[in-house]
Amino acid sequence: MSAIRLVVEGRVQGVGYRAFVADEAQARGLTGWVRNLRNGQVEMVLSGGEADIEGMIAACRKGPRFASVTSLKTSPAPDETWSGFTVRPAA
């Protein structure tokens, strides 16, 4: 198990991006959370197997139908135990 933080830029708010992330994460058995940031970015923390996380990163680069991802930055996240995957309020 590993954990990673992603920050996604582009047209990622108002296009169903958080719901897309939650659905994809749950389908892959990942835990963590996703939220909008006030600067227009989307931030998430994912925890799970490395192959599942890599698949999730690839999915996040594409996003849902009306999204347009221009940048995706990753960094390590502290290993925490999450129960499921949640959509958090904007920060």
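Start with the crossing of H1 and H2: it is right-handed. Keep in mind throughout that this is a predicted model.

**Stop 1: the two helices**

Select residues 17–27 for helix H1 and residues 50–62 for helix H2. Their axes come within 11 Å and cross at roughly 155°. Angles over 145 degrees count as roughly antiparallel, and H1 and H2 are therefore roughly antiparallel to each other.

Now show side chains at the contact. From H1, pick Tyr17, Phe20, Val21, Glu24 and Ala25. They meet Met56, Ala59 and Cys60 of H2. Colour this H1–H2 contact by class: 7 residues are nonpolar, 1 is charged and none is polar.

**Stop 2: the aromatic pair**

How many aromatic pairs does a search of the whole structure find? There is 1. Select Tyr17 and Phe20: their ring centres are 6.1 Å apart and their planes stand at 50°, so the pair is tilted. Both residues belong to helix H1, and being 3 residues apart there, they are separated by about one helical turn.

Tyr17 counts as buried, at 1% relative accessibility. Phe20 is buried too, with a relative accessible area of 17%.

**Stop 3: the covered side of H1**

Which residues of H1 are buried? Select Tyr17, Phe20, Val21, Ala22 and Ala25. Then bring up what covers them. The cover includes helix H2 and the strands E1 (2–11), E2, E3 (42–48), E4 (68–76) and E5 (85–87).

Move on past the helix. Gly29 follows H1, and its phi is positive, near 75°.

**Stop 4: strand E2, at Thr31 and Asn36**

Select residues 31–36 for strand E2, where Thr31 is found. Thr31 is buried, with a relative accessible area of 17%. Leave aside its neighbours within four places in sequence and show its contacts. They are Val45, Leu46, Ser47, Trp82, Gly84 and Phe85.

Asn36 is also found in strand E2. Is Asn36 buried or exposed? Its relative accessible area is 13%, so Asn36 is buried. Not counting residues up to four places away in sequence, Asn36 touches Gln13, Arg18, Gln41, Val42, Ala90 and Ala91.

**Stop 5: Ser75 in strand E4**

Go to Ser75, which lies in strand E4. At 26% relative accessibility, Ser75 counts as partly exposed. Beyond residues up to four places away in sequence, Ser75 touches Ile4 and Arg5.

Draw a line from the C-alpha of Ser75 to the C-alpha of Arg35. These atoms are separated by 16 Å, and the two residues are 40 apart along the chain.

**Stop 6: Ala67 in the loop**

Finish in the loop between H2 and E4, where Ala67 is found. Ala67 is buried, with a relative accessible area of 14%. Which residues does Ala67 touch, not counting those up to four places away in sequence? They are Arg11, Val15, Tyr17 and Lys62. Tyr17 is a residue from Stop 2, where its ring pairs with that of Phe20.

How values were computed
Residues numbered from 1 in each chain as written. Predicted model: local features only at pLDDT ≥ 70, side-chain atom pairs only at ≥ 80, totals over all residues. Heavy atoms only, no water. Axes fitted to C-alpha atoms, helices over the stretch in contact; angles between N-to-C directions. Helix = DSSP H or I, 4+ residues; strand = E, 2+ residues; numbered from the N terminus. Parallel < 35°, antiparallel > 145°, perpendicular 65-115°, else oblique. Left-handed = near helix turned anticlockwise from the far one by under 90°. Contact = heavy atoms within 4.5 Å. Nonpolar A, V, L, I, M, F, W, Y, C, P; charged D, E, K, R; others polar. Phe/Tyr/Trp six-rings, centres within 6.5 Å; stacked < 30°, edge-to-face > 60°. Buried < 20%, exposed > 50% of the residue type's maximum accessible area, 1.4 Å probe, protein only.
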